[in-house]
Amino acid sequence: MIRNMVNMNLMGLVSDRPLIIESLHDLGVLHLHEEPAEIVPPETASDLKILRGKALGLLEALEWTDWGSVSAKNIEEKRSALSLVNGPVIESIRESLDSFSTRLTDQKSQKADLEGQINSIKSALRTLSHFGTFLKENLAKGSDLSLWWIQRTSPADLVAKTQKKIREKDPLGLSETINYHSALTSGGEAVAAISVNHEFRGEAKAVFTENDCLPWLLPGEFEGMRVDEAMPMMEHALRDIPRRIEEIDRNFMKTRNLWGPKIGALYFLLDEKIEEIMIEMGSETTGEIFRIDGWVPLDEKKRFMGIMGGHFKGRVLIRWREPLPEEWGKVPTALKNHSYFRPFELFLKLMPVISYRGLDPTVLIGVFFPLFSGCMIGDIGYGIIILALALWLKGMKNRPLLSDVGSIFSFTAAWSIFWGVAFGEFFGDLGHRLFHLQPVWLERSQTVLPVMVFTVSLGFAHVLLGFVMGMIQGIRTGHRRIWMERLGNILVLAALLSAMIVVKGWLPKQLFSMTATLLVLGLALLMAGGGMGGLVESLGSIGNILSYMRIAAIGLSSAILAMVATSIVDSLGVSFVGVFMALTIHLLNFVLAVTGSGLHSARLQYVEFLGKFYSGGGTQYKPFSRRKPELWKKR
Amino acid sequence: MEKAIIALAAALAVGIPAIATAYAQARIGSVGAGTIAEKPETAGIIIILEAIPETMVILGFVVAVMLILQFA
C-alpha cells in the first residue's frame, strides 16, 4: 500500500537552525519539497565539497569499494569529531588527506618504477640472448664491444666502412680485423654487436654515429657497465624486484583494509554535512525566523512530534496539513507492504514511480506472479531445487537485491511443488517410474485442453481484476472517462462470459437477454469513456486473456522436455552416458523453466495486468536521512 | 496422409508467427538496448515492448492445438 503523507511546515529560530537540521537528519523521515538548490555555497560548504572530492579520489586510488564494511562505530567516531566544522577542523582534515595522498602516490610510483625496471631488464636480456656466444668469445679476447640500433644501412656495409677507416689509420693491417654479429629484436628492430681493438674504438663509433645508428644501452642502473658484469646482476635484479613489488602490494592491501573504511566513513559524513549546509542555505529566512517545508509519512508524525517537541520545546512551531488535490502530483510515493510481499516491490522498480493517488499492485503481483510461474514449472523436483536456491539467496543479507530475489523464488518454488503434485510430475515422469506418483488433477503432457481452459480462465479473472482496479483508480482520482471505460470493459467481458455459459447450456436460455443488456451497456460506456479507442482496447483485452495460454504452452513444453530427459535412460540404458545425457537435458530444461517462467509471468503482470490501471508520474520518496553504508551506492 | 497434412498445418500455425515474432523482437530488442544504454530508467517499458509480439505465437499455438484436437 501507499503510505499516506502529510505536509509539515516547521518554523524555528535561526540560532537553532543547525541543531534542528541535524535532528531532522537523524529522524530521517522528512522529504523536502525541493532538492537543495545548487546555489553558490558558503565558504564552508565549498571547502567541504573539495574535501569530499579528495576523500573519494583517495578511495578510488585505494581501489576500495567495500562500502558495507564501514562500521557504525567508525561513523560515530568521525561524527563526534565533525560535529563542529570550522576552519581549523577543515584545515586539519585537508592536511591529513593530502599527506595520505602523497604517501599513496609515492608508493604507487615506486611500484610503477619497479615494474618498468623489470620490463627494461627483460627486454635487455632478450636482446643479449641473441649475442651470447659472440659476446663471450670477443670479451675473452679483450676487444672493445659495443651494441648499436641499426636503422637504414645494413650491418655489413657499416662494418666495411669501419674497416676502411681503420685501414686509413693502420695501412699495414697489423691489427686484428673487426668482428660483428647482428640480430632482430622481438620488436622487429635490428641490433648489431661490434668488436674491435680498443685503439680503433673511436673510428667504429664515428662510422656508426654518422650512419644514424644509436648506441644500444643497458637499462637504468646498469648503464655504462660491462655487459658480462651486468648480465648476472640483471638476472639477480629480475629475481629481487618481484619480491619488492609483492611487499609494496602487501602494504597497499594493508593500507586499503585499514584506511578504506575510515576514509569511507569520512566521505559519508562530509556528504551529510554538505547536505545539511545546503538545506540550511535553502531554508526560507525572515529576520530571526527560518522555515522548512516537506512531506512526512502520516505513520511517522507521532515520532516526529515526540523527538522535535522534546528537543526544541517551545522553540519550534510545526504545522501539519493534508495534501491538497492540486498537490497530488508533487507528493512523494512511499510504499509499505507486509514483509512477505515487500520483495515484490522489485517489480515496480522497472516501472515509472507510481503516483501518490495510484494503487499499489505489490500484493497482487506477490499473489499472481508465483502462481503463474509455479504453474509453468509445475514439477516437484524442480520446485525443490528452486527452494534450495531461494534459501541460499535469502541468506545473502548483505546483498538486499539477491535476498529479495531469493524470497520471490521461495514463493515460486512453493507453487511449483503445489502444481507438481497436481500434475504428478517429479523430474518429468521420474516420480511415476520410481514411486508410482499419480497426478492429483491431470497429466498435462497427455491432456492439454483442460489446462488451456484453466489458464484462460485464470487470465480472464486476472484481466478482469485489472479492469476493476482501473475503475477504482479512475473513481479515486475523479477521472470520469477512465472509470467509465474500465467499467465498460468489465461489462463487455461479463457479457462474453455469460454468453458462453448460456450457449453451453449451463444457464437457461432466457438469461440471454441479460447478456445482451450487459453488452449494450458495456459498449455504451466504452464509447462514452474512450470513444473508438475504447472499443479497440476492448478487443485487445480478449487478446490479453488468450495470452495467458502461454502458461499452458510453456508448461507443456517443460513437461515434455523433462520426460524426454528421463526417457534418454531408456534408450541408452542406466550407464554413465545415459545418466549424464539425462542430467544435462534436465539441467537445460530447469534453466529454461526458471528463466522462461519468470519472464513470461512478469510479462503477464506488466502488460496484461498493470496496463489496465498502473499510473506512473509519481515522485520517489527520498527522506533527508543519514547515509546507510550497507545501502550505499557510489554516485 | 491426412494426418501428415494436419501436422504440417499445425506446424505452420506455430512456425510462421514464431518467425514473425522473432523478427519483431529482434528489431525491438536492438533499438531497446540502445534506449536502455542512454536511459536506464526505460528498462521496464522496453521489456514490455519486447514481450508484446509474443502473443502472436501463443495465438498460433492455440490454432495448432485446435487443429490437432479437431481433426487428428
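In this predicted model, helix 14 (residues 448–477) of chain A packs against helix 16 (residues 512–546) of chain A at an angle of about 135 degrees, and their axes are 8 Å apart. Helix 14 of chain A is therefore oblique to helix 16 of chain A.

**Helix packing in chain A**
- Helix 14 of chain A contributes Val456(A), Gly459(A), Phe460(A) and Val463(A) to the contact, while helix 16 of chain A contributes Ser541(A), Asn544(A), Ile545(A) and Leu546(A).
- By class, five nonpolar and three polar residues make up this contact of helix 14 with helix 16 of chain A, and no charged residues take part.

**Build of chain B**
- Chain B contains three helices and zero strands, in the order α-α-α from the N terminus on.
- The radius of gyration of chain B is 17 Å, whereas a compact globule of 72 residues would have one near 11 Å.
- Along the principal axes, the C-alpha atoms of chain B fill a box of roughly 55 × 15 × 5 Å.
- Of the 72 residues of chain B, 17% count as buried.
- Among contacts in chain B between residues at least 6 apart in sequence, 74% join residues at least 24 apart.

**Contact between chains A and B**
- On the chain B side, 13 residues are in contact with 14 residues of chain A.
- Helix 2 (43–51) and helix 3 (54–71) of chain B each supply at least two residues of the side that touches chain A.
- Helix 3 of chain B gives the most to that side, with seven residues.
- By class, the side of chain B that touches chain A has eleven nonpolar and two polar residues, with no charged residues.

How values were computed
Residues are numbered from 1 along each chain as its sequence is written. Chains are lettered from A and ligands numbered from 1 in the order in which they are written. This is a predicted model: local features need pLDDT of at least 70, side-chain atom pairs count only at pLDDT 80 or more; totals for chains, interfaces and linings use all residues. Two residues are in contact if their C-beta atoms, placed from the backbone, lie within 7 Å. Helices (H or I, at least four residues) and strands (E, at least two) are DSSP runs, numbered from the N terminus. Ala, Val, Leu, Ile, Met, Phe, Trp, Tyr, Cys and Pro count as nonpolar, Asp, Glu, Lys and Arg as charged, and the others, Gly among them, as polar. Axes are lines fitted to C-alpha atoms, for helices over the stretch in contact, and angles run from 0 to 180 degrees between N-to-C directions. Angles under 35 degrees count as roughly parallel, over 145 as roughly antiparallel, 65 to 115 as roughly perpendicular and the rest as oblique. The radius of gyration is taken over C-alpha atoms; the globule rule is 2.2 Å times the number of residues to the power 0.38. A residue is buried if 20 or more other C-beta atoms lie within 10 Å of its own, exposed if 12 or fewer, and partly exposed in between; C-beta atoms are placed from the backbone.
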